[in-house]
Amino acid sequence: MSENEKPVIAGERPIIEEMPAGEYWWCTCGRSTNQPFCDGSHKGTGLTPLKFELKEPKRVAWCTCKHTKKSPLCDGSHNRLPEDACRSEKTCHSEDGNS
């Protein structure tokens, strides 16, 4: 897998939101400026967004580290990332890691 095909870490914590029922496209590449949703920034990476449907309103914890095993939902994988993974690779959207 080339560097371009690897997702970048968009944040070190989930985005927790009350979401209405509907269809959502979760960013898998980590490059979207509209996290946790796709904005098309994956073009040319070989990665594609993940379609996620909520049948009813629900509180959702969206993964932003892109390492979850329960995509698109947070499974706590951000707690197991190397301590300097986000800041040293300059892959987070905010310098304090609170994307």
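Visitor: How do you know which features to trust, and how are residues numbered?

Guide: Numbering starts from 1 along each chain as its sequence is written, and side-chain values use heavy atoms, with hydrogens and water left out. As this is a predicted model, local features need pLDDT of at least 70 and side-chain atom pairs count only at pLDDT 80 or more, while totals for chains, interfaces and linings use all residues.

Visitor: What makes the phi of lysine 66 worth a look?

Guide: Its phi is near 65°, a positive value in a residue other than glycine. Most residues other than glycine have a negative phi, and most peptide bonds are trans.

Visitor: Which peptide bonds are cis, then?

Guide: One runs from glutamine 35 to proline 36, with omega near 10°; another joins serine 71 and proline 72, with omega about 5°.

Visitor: What puts residues in the lining of the largest cavity?

Guide: On a 1 Å grid over the protein atoms alone, a cavity is a set of points where a 1.4 Å probe fits but cannot get out, and lining residues have an atom within 4 Å of a point. Cys27, Ser32, Asp39 and His42 are among the lining residues.

Conventions: On a 1 Å grid over the protein atoms alone, a cavity is a set of points where a 1.4 Å probe fits but cannot get out, and a pocket is an open set with protein on both sides within 12 Å along at least five of seven lines; lining residues have an atom within 4 Å of a point.
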